[in-house]
Amino acid sequence: MKKIVIRIVLVFCFITLSVFNIVDIENLRTFIISTERVYKIRMKQHLFCLMMAYPEHAVDLEHSKNGHVYLIMKSGARILYDDKRAKSQEEIISNPDLQDMMEPIYPLGAIDRLMDMDFDPGRSRVYALLNEVYGGSSQQVKSNLDNVKTYYGYLQFNKNNNASASLKSVMDELIPLAQSRHDIRACLIPYGGTFNHRYIAGTNRLSPHAFGIAIDLARDKRDYWQWASRDEGQKRLESYPREIVEIFEKNNFIWGGKWGHFDILHFEYRPEIIMMASYFGDKNNTEALWYEGAPMDNALAMKYIKRINEVIR
Ligand SMILES: [Zn+2]
């Protein structure tokens, strides 16, 4: 939503300037058309990544008469793409729509600096989506848990939407590496945990751990923005083995170390965020080729591109 606010402010500045004949009205028109075009391209990419990331759950789209776009879930539930409200940074975290959740592009690969405080890619979560995919109550989530073998015993993880299978493939790569690398082993023992039906400290929002889709590795007191200063967080970030981050990202997990509100021990299964970054993160797509970057050899991808072009014109 922040971009929409910026857009409104910019349009206002252009109008003011044009009144004084500083820019002409034709430039203003071009500017508005191009920002609308960027919005539409991003909307299509966001919806595409959501459908690719949750293929058994997000089954269709709807563009209603009043202009709202919805993601349609297998249960028939409709999740609104954009509520068109201007939101503060806090509200983007506490009450996001799908657009707010998808907008910040997660930076894939190695980083050497903590992110700015207002940049938290993937820290916004749409609970309507998580409830549909992983279970709408603690009981339902529990019935979807699977055991995953780790370097140090077994951990419970949600089996829906390939989450526990993805954690298994992380462990398949990480465990042999930990045997020869002391720094990696030190991050794996003892684990902080996975499934835990709890709320995020100081909020009434469920933690992603309550859905069994997040894992905390070994805890260091510099790992969390509420426990440590930014200088301490920065030092911990610099010493964190980048192989761990690479292996998790390769398997559709995001890292809390890439949030301004850093959470360095935390990895979370969020395929939609990783797909958005890897397909479109470094692209500057045109309206006609909004999907350039998507895996064109994938039949499902082709089906979703066709459907999105039919629904959103
Ligand atoms: Zn965590």
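User: In which kind of crossing does H2 pass H12?
Analyst: A right-handed one. Keep in mind that this is a predicted model.

User: OK. At what angle do helix H2 and helix H12 pack?
Analyst: About 140 degrees. Their axes are 10 Å apart. H2 covers residues 25-53, and H12 covers residues 299-311.

User: What do you call two helices set like that?
Analyst: Oblique to each other. Angles over 145 degrees would count as roughly antiparallel. The angle here is about 140 degrees, so H2 and H12 are oblique.

User: Which residues of H2 and H12 meet?
Analyst: From H2, you have Lys44, Leu47, Phe48, Met51 and Met52. From H12, they meet Leu300, Ala301, Tyr304, Ile305 and Ile308.

User: How does the contact of H2 with H12 split by class?
Analyst: Nine residues are nonpolar and one is charged. No polar residues take part.

User: Switching to strands. What order do the strands of the three-stranded open sheet have?
Analyst: The order is E1-E2-E3. The pairing is antiparallel.

User: Which strands stand at the edges?
Analyst: E1, residues 58-63, and E3. Each has a single partner strand, so one side of each is left without a neighbour in the sheet.

User: How many degrees are neighbouring strands of this sheet turned against each other?
Analyst: 30 degrees on average, direction ignored.

User: And how many bridges join E2 to E3?
Analyst: Three, and the two strands run antiparallel. Take Leu71: its bridge partner in E3 is Ile79.

User: What lies in the loop between E2 and E3?
Analyst: Ser75 is in that loop. Strand E2 spans 69-73, and strand E3 spans 78-80.

User: Is Ser75 buried or exposed?
Analyst: Exposed. Ser75 has 11, so Ser75 is exposed.

User: How far apart are Ser75 and Ile184?
Analyst: In sequence, 109 residues. In space, 42 Å, C-alpha to C-alpha.

User: Last topic. In which sense do E4 and E5 pair?
Analyst: The antiparallel sense, over six bridges. E4 is residues 145-150, and E5 is residues 153-158.

User: What joins E4 to E5?
Analyst: A hairpin, through two residues.

User: Which residue of E5 does Lys149 stand opposite?
Analyst: Tyr154.

Methods:
Residues numbered from 1 in each chain as written. Predicted model: local features only at pLDDT ≥ 70, side-chain atom pairs only at ≥ 80, totals over all residues. Helix = DSSP H or I, 4+ residues; strand = E, 2+ residues; numbered from the N terminus. Buried ≥ 20, exposed ≤ 12 C-beta atoms within 10 Å, placed from the backbone. Axes fitted to C-alpha atoms, helices over the stretch in contact; angles between N-to-C directions. Parallel < 35°, antiparallel > 145°, perpendicular 65-115°, else oblique. Left-handed = near helix turned anticlockwise from the far one by under 90°. Contact = placed C-beta atoms within 7 Å. Nonpolar A, V, L, I, M, F, W, Y, C, P; charged D, E, K, R; others polar. Pairing = 2+ DSSP bridges.
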